[in-house]
Amino acid sequence: MQCCKGRALGISVAVAHGVFSGSLNILLKLLISRYSFLFLTLLQCLTSSTAALTLELLRRLGKVDVPPFSFSLAKVFGSVTLLSTLQSCLTLWSLRGLSLPMYVVFKRCLPLVTLIIGVFVLRNGVPTLGVSAAVFLTTCGAALAGAGDLSGEPVSYVTAVFAVLVHAAYLVVIQKTGHEHSFGALTAQYTIAVSASPVLLLCSFASLDAIHIWTYPGWQDAAVGCTFASCILLGCLMNFTTLHCTYINSAVTTSFVGVVKSIVTITVGMLAFKDMEPTTLFIAGVVVNT
């Protein structure tokens with residue numbers, strides 16, 4: 001019975017992660033493409049600050065069981081914080097210059113990179129033959145789908161490659177930290193948010209996002225404000241489910257969730273944004289890694 005409950009929890013967290021992550025990608029692309037919202041550093045800062053302030057308030061009210069922030073706690077999650085912040089930045093900049101379907105194609109390579117890094121970093125990280133075969137097919141499909149597409153900005157392709165590398169390292173380090181320490185996913189999110197928020201605040205002023213945001217004409221449209229607030233909320237939820245899914249499942253499982261959600265994301269991207277025409281190779285690649 002306990003095994004069934006644990007498996008049900010793992011599946012439900014993975015599904016929630018896929019829903020939150022896919023929804024966030026769609027709304028971010030909507031903000032960037034349709035509303036020309038380019039204040040990405042500020043958006044990342046507000047997402048981190050919202051999570052930090054909310055969890056701090058809940059901690060003080062006794063609603064969540066997380067220890068108070070300390071430098072020793074920050075040291076435990078130091079590498080996770082660094083990789084989390086970096087992968088968020090790279091993801092946002094990739095979405096800025098790539099079509100949503102092509103961005104998803106890059107993300108489909110995440111299981112392979114996660115698997116390779118996991119072999120060298122994690123104990124017992126050698127995968128089974130079935131997992132290796134599934135990862136190989138997924139990556140081949142992604143390569144086939146992306147072949148010949150040069151419609152995006154060249155810098156965005158490079159950024160997307162680094163986003164996949166850093167994201168994979170982030171997931172593996174989360175799993176490694178979870179095995180070595182007894183802290184839960186909520187404590188991890190709290191520590192990451194508190195540690196990263198001051199740095200992101202400085203970056204938002206250095207990039208002038210925090211200054212130019214006040215003259216952004218899109219605020220006159222109520223839809224922009226709603227989409228902006230939804231991105232912050234979904235960002236907080238996605239970060240937590242990323243940590244929780246990796247803690248109770250594995251880094252590879254979390255990376256595979258992106259493959260499942262990508263069918264919906266690709267469809268919405270092609271229909272809603274019309275920034276990429278589906279080619280025969282693209283459709284064949286999607287079929288292969290689905």
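These are my notebook entries on a predicted model of one protein.

**Ground rules.** I number residues from 1 along each chain as its sequence is written, and I keep to heavy atoms for side-chain values, leaving out hydrogens and water. Because the model is predicted, local features need pLDDT of at least 70 and side-chain atom pairs count only at pLDDT 80 or more, while totals for chains, interfaces and linings use all residues.

**Overview.** I looked up the elements and found 13 helices and zero strands. Here helices are DSSP runs of H or I with at least four residues, strands are runs of E with at least two, and numbering starts at the N terminus. Of the 290 residues, 50% count as buried (under 20% relative accessible area; exposed is over 50%, partly exposed in between, with a 1.4 Å probe and protein chains only). Next I checked contacts (heavy atoms within 4.5 Å): among those between residues at least 6 apart in sequence, 88% join residues at least 24 apart.

**The core.** Which residues have the most contacts inside the largest nonpolar core? I noted Leu28, Phe37, Val80, Phe106, Tyr170, Ile174 and Leu243, in a core of 51 residues. Such a core is a set of buried Ala, Val, Leu, Ile, Met, Phe, Trp, Tyr and Cys residues joined through side-chain atoms within 4.5 Å. The elements giving two or more residues to this core include H1 (2-33), H4 (78-97) and H8 (154-180). H8 provides the largest share, 12 residues. I then picked out Phe106: leaving aside residues up to four places away in sequence, Phe106 touches Leu98, Tyr157, Ala160, Val161 and Val164.

**H4 against H9.** How do the axes of H4 and H9 cross? They come within 10 Å and cross at roughly 55°, with axes fitted to C-alpha atoms over the stretch in contact and angles running from 0 to 180 degrees between N-to-C directions. From H4, Val80, Thr81, Ser84 and Thr85 meet Ile192, Ser195, Ala196 and Leu200 of H9.

**Two phi values.** Most residues other than glycine have a negative phi. I found that Ser36, in the loop between H1 and H2, has a positive phi of about 50°. Ser36 counts as partly exposed because its relative accessibility is 49%. Leu208 has a positive phi of about 70° and lies in the loop between H9 and H10 (209-212). At 36% relative accessibility, Leu208 counts as partly exposed.
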